[in-house]
Amino acid sequence: MGDSGKKNARILVFSTEKISDPAIDMAGLLKLHYPPTVFTIQVPCSSGVKPKWIMLAFEKGFDGVFIAADGSDCPYGESCTEKTGQIVTRTHEMMKVKSIEPARLRMAAICSVCSEAFVKQMKTFNEKLLKMQYA
Amino acid sequence: MNNKLGVYICHCGGNISDYVDVAKVKQSVAAEEEVFLAKTTMFACSDSTQKEMIEDIVANELDGVVVASCSPKLHLLTFRAVAERAGLNKYNYVHANIREQASWAHSDDKSGATAKAINIVKAAIKKVRFAEPLTPIRIPTINSVAVVGGGLAGMRAALELSSLGTRVYLIEREHFVGGRVSQWDSLFTTGETGKELITRLYNELTEQKNITLLTGAEVTGFSGSIGDFSLKVRITPRYISGKCNPGELKKAIEVCPVGVADDFNFGLTVRKAIYHNFPGEYPQAPVVDLSNCNRCGACEKICGNIDFSQKEEVIEIRTGSILVATGFDPYTPADGEFGYRTCDNVVTLPQFKRLIDMGEKMLIFKGREIRNIAYIYCVGSRQAEGENKYCSRYCCTSTIYESITVKKKFGNIHNFHFTRGIRTYGKQEILYDESSRQGDIYLQSYEDDPPAVTGRNGKAVVTINDILTGKRELEVEADLVVLVTGMVPRNDNPVGSLFKLPKGRDRFFNEIHMKLRPVETVIDGITIAGACQGPKNIMESVNSALSAAVKSYSYVSKAEMELEPVVALIDRDLCSWCGACTSACPFEAIRKENESGKPVAAINNSVCKGCGMCLPVCPVNAIDLITYSDREIESMIDALA
Amino acid sequence: MGEKMKEASYDVLVIGGGIAGGEAALNLANNGLTVLIVEKDLSVGGKMILLSKVFPTLDCSACITTPKISEIARHRNITIFTGSEVRKIRKKNENDFEADLIRHPRYVDAEKCTGCQLCEEACPVVVPDGYQFNLVGRKAAFIPFSIANPRAAAIDIESCTLCGACEKACPPGCIDFTQEPEEYHIKVRSVIIATGFRLFDPLLIPRYGYGLHKNIITSMQMERQLAPTRPFNTILRPGDGKVPCKIAYVLCSGSRDASVGNPVCSQICCMYSIKQAQLLMGALPMADVTIYYLNIRSFGKGFEEFYEQAKGMGVSFVKGKIGKISENPNGDLLLRYEDINENRVKEKVHDMVVLSVGIVANRDVSSFFGEGLLKLDPYNFVSQPDQLLRPAKTSIDGVFVAGTASGPMDIPDSILSSGSASAETISYIIGRNE
């Protein structure tokens, strides 16, 4: 079986119930593997993620935070991508103040069937965080 | 705060327990102080385990329950119902997904999957600690359904809804109902023609008092939510008023100088700017196609009922549910694809059907009699290179039926089928037998070696390395090549983006779950039917239309509907009204109110969708989303870290 | 169900408690109609509850079926008679059917049974387990299968020696050999036929040697070997319990074959075989799986992609007609077939052969109504006189058909056909109310 001794970055993913979480589920269904140190918290919409939650995640020891955004598929409105982007921008500023590298927060739109894209994102984010010597 | 919790960890018959050490998960979470009992179970969803949970909850007076099993998309509702049956509020149940997001995702790493499952279950435990009993929001529902699309599926659904006692708005973008089926002649199974089917449906429709048919009507605006949707519908007039004198009308059409490719015949013929769709069209009234009319006025002079003063209007419809049945487009081959548009004698399957219908004694194309016909299958479907990976399902049977029909109708015709393997599934197989028995020739190739079409002496030559004869290179000189084109999603279908309907990998509208909820979409209150969801034949479309009808009916038939109480909650002490939340809300659910002299934000619970977009914009963090409150999310983050 | 209530009335009688009947019953019950489901088996859930995973999503079948089944079982508008059969249905007038039913004794008080299985342990009689398609044995006192609903024991009285061991072992004392068949006379306003299908009997193709060669099994037997409630914990060939490593699938076993009386295509075998092949590649990573086919019919939503996925995983597809299957002394099987791509006859050895058996009509239905009243199609499925516009309508007004009783279908199509039948039934009843 897998090499569980290998160190992986701890990543918190904010997924969305109707769009990106189904894609993450499907990644499991298709047995597309990604590091088991990736955890998700589901929210209705990616533009409802509070910056203070992200900051808390870093404080509690997560190496990276990833917002699996609804993008243009958002069932709540077209403004979603823009609003999620603003959350990232504001959080980046808060991270700067605390001297947390901005690269540790990422966002990408993950559509409801974008399982492969999600897995790819997780793998590259993990690699990147490992290279930055987090984790 | 709930601190007497029951936790159940499901084996899922091996789906979880093959990769996640469920006993270890149980052991670790049982140690959490709030956990009163923790158990593993073979199938958490089985009736016997559900009974056991109820007994546990009642006997031990548990105040919160977590089940760690498959995705909440499958079983959240199942276990909420269990909680309810045990007398617990259903929101005191929290679901932990350790199958799709642990055992399956990390089947390559058992210890990693187990460690992750433990964290996931612990986070669920933290969340359920803060769960509060909630009662659903009740809203009145409008007992009506708007059916978008007046083809076969939409008409059939409208009729059924009407006989179930629901008011129906049937909205058709074209000026005539019947969609694709009205374009087909004789149909497989019953031998009825498409027009006959549409005639039957139309006659029944017009007898129903509770159906409003809108033609030339396009949905341009959409708001509201399940129980009370509001649609803006733009209605283009026919520019003809009242009943015309048939003789005058005929002349008026004759004098029209404009020629437009006739979509009804897939461009094989030319129609005027004032036109009938086909003899016996529904509604039986011609229309002036203003986008192509040059306003010469010739028709007006002959027929007094032609009225260019009619204006476009926009009406508003309020409805409890929407049933989308917008159909499909036939695939249009690229120029040069199997000689399409580059070789003279190449048509698509829909064009061929129109040719058969229009032909009288002989099958004629471009003035020449057709004797030898080559059919090339899977054009635009099962593409190795293109994006249409799917099989269009109806075309094998349809083509074989047409090849039998064309022989019966005109005689002296030779059919050559260039297939990728015939898919006459079910009873349709009998047709394939019949066609083989009548002497049709079947050849086959695979996707990596398709047949080729070239022109030679005014004929089209189709060559193939036929695998049925040991890959012999064979060629057929055909008078006509029929490209068996499949179904593609409608190119011009603005309701998809207007309603924000999700699409599948095949770009057709997607249902929530193929087997559990096959006609529902993620937008509550909107159902889908017919070929807008994926290729279907007529019977399959009707079955899906009736399934969608009964689902839409169950949304609206009761005067009231229950909505999830997951809405935003304003802390009125903290709020000092800046308006940021109002501008962030996509649903106009937040308004300003006075709280003893102080302006504060207030949420309209029946409009709030619980998206949470207002949460991050509040400068004083005065907004929580129920079931996603700060303390819930933050304690989950803590448990996962 | 304590006292013997011999008469009752419901809005709708649903015959068959499989996925089609269950879905129809739920639709009706959720819209306020009372429903009686009559199921001849000891559990509801039909064939679907016995499957492994379902194509093309690979959802576990039990995970989809069991919540539906529990919802049906506890719905206050639905009554279920398992182990029961329809004897006769008469149409009295427009809005009124009378049905004679018989409930066979279970010899166990299902309400009191806790499903502890102590009776199974105590019972000395072993017979082939029909729910495991005879791959293993069961006792004469038995719980049908672990996720059966109701999950209660039953006594197979045909095999029982009346030794009384189970009675002594049963903690709640719910075994009752005095139970007798109960006859019911019920009134309903409408009927839905959801009697499903039967599997083709491969003994009808002697040249394949099913029943003779031990390592030939049917696709349903393979389905059980792959299911979560599987009899063994791995895949075994029945002849010698060896784990197979060269598995062949023979498609169209009893379909598209007029010589065995079934000229139609069964519509599901290609896909379930491709699914089983994918599951086998997962369960036995070293195994070779070959599918012998005439045409692959992956026509539904996501099916073609699923077929491509199987090719990508390394499943071999051979376009070929199987002539004869013979057995080697070591139990391996020699397949003689015409390789269509190579245009010649070839032979290949496999250590296990799965016959992808097709769907045939369940002919029980023809006896329910008076002679010839319920019309059947040439293949003995329930005839659909208005197939294009009203597919659920049968030759009897007020009687509708759902699922595979009218012809081969996969699960999504069965469920849509149930939706269709329930819509027609509700409209029919509303129409008669006016």
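**Ground rules**

I count residues from 1 along each chain as its sequence is written, and I letter chains from A and number ligands from 1 in the order in which they are written. Since the model is predicted, local features need pLDDT of at least 70 and side-chain atom pairs count only at pLDDT 80 or more, while totals for chains, interfaces and linings use all residues.

**Confidence**

I looked up the scores and found ipTM 0.95 and pTM 0.83. For chain C I noted an average pLDDT of 93, with 98% of the residues at 70 or above (pLDDT is the predictor's confidence in each residue, from 0 to 100).

**Chain C, overall**

I found eight helices and 24 strands in chain C. Here helices (H or I, at least four residues) and strands (E, at least two) are DSSP runs, numbered from the N terminus. Chain C has a radius of gyration of 23 Å, close to the 22 Å that the globule rule gives for 434 residues, so it is as compact as a globular protein of that length. That radius is taken over C-alpha atoms, and the rule is 2.2 Å times the number of residues to the power 0.38. I also noted the box that the C-alpha atoms fill along the principal axes, roughly 65 × 60 × 35 Å.

How much of chain C is buried? I got 54% of its 434 residues. The cut-offs are: buried with 20 or more other C-beta atoms within 10 Å of a residue's own, exposed with 12 or fewer, and partly exposed in between, with C-beta atoms placed from the backbone.

Next I checked contacts, meaning two residues whose C-beta atoms, placed from the backbone, lie within 7 Å. In chain C, of the contacts between residues at least 6 apart in sequence, 68% join residues at least 24 apart.

**One residue: C:R230**

I picked C:R230, which sits in the loop between helix 5 (219-226) and strand 17 (246-253) of chain C. Is C:R230 buried or partly exposed? It is partly exposed, because I count 19 other C-beta atoms within 10 Å. Setting aside neighbours within four places in sequence, C:R230 is in contact with C:R224 and C:Q225. From C:R230 to C:V354 I read 124 residues in sequence and 17 Å in space, C-alpha to C-alpha.

**Chain B, overall**

Chain B has 16 helices and 34 strands, and its C-alpha trace spans about 85 × 70 × 40 Å along the principal axes. Of its 641 residues, 53% count as buried. Of the contacts in chain B between residues at least 6 apart in sequence, 71% join residues at least 24 apart.

I then looked up the domains of chain B: domain 1 (5-134), domain 2 (137-236 + 312-327 + 490-562), domain 3 (237-310), domain 4 (331-487) and domain 5 (567-625). These bounds come from an automatic or database domain assignment. The centres of domain 1 and domain 4 of chain B, over C-alpha atoms, are 56 Å apart.

**Strand 27 of chain B**

Strand 27 (residues 480-485) of chain B is mostly covered, with six of its six residues buried. B:L480, B:V482 and B:V484 point one way, B:V481, B:L483 and B:T485 the other, and all are buried.

Which strands pair with strand 27 of chain B? Strand 18 (residues 346-348) of chain B runs parallel to strand 27, with three bridges, and strand 21 (residues 372-379) of chain B runs parallel to strand 27 too, with five bridges. (Two strands pair if DSSP finds at least two bridges between them.) B:V482 has B:V347 opposite, and B:Y375 also stands opposite B:V482.

**A hairpin in chain B**

Strand 32 (residues 590-595) and strand 33 (residues 598-603) of chain B pair antiparallel over six bridges. B:I590 has B:I603 as its bridge partner in strand 33 of chain B. Two residues lie between the strands of this hairpin, and B:S596 takes a positive phi near 40°.

**Where chains meet**

The contact between chain B and chain C takes 63 residues from chain B and 62 residues from chain C. On the chain B side, helix 14 of chain B gives the most, with 11 residues. By class I noted 26 nonpolar, 23 polar and 14 charged residues on that side. Ala, Val, Leu, Ile, Met, Phe, Trp, Tyr, Cys and Pro count as nonpolar, Asp, Glu, Lys and Arg as charged, and the others, Gly among them, as polar.

Between chain A and chain B, 41 residues of chain A are in contact with 42 residues of chain B. Helix 1 of chain A supplies the largest share of the chain A side, six residues. That side has 23 nonpolar, 11 polar and seven charged residues.
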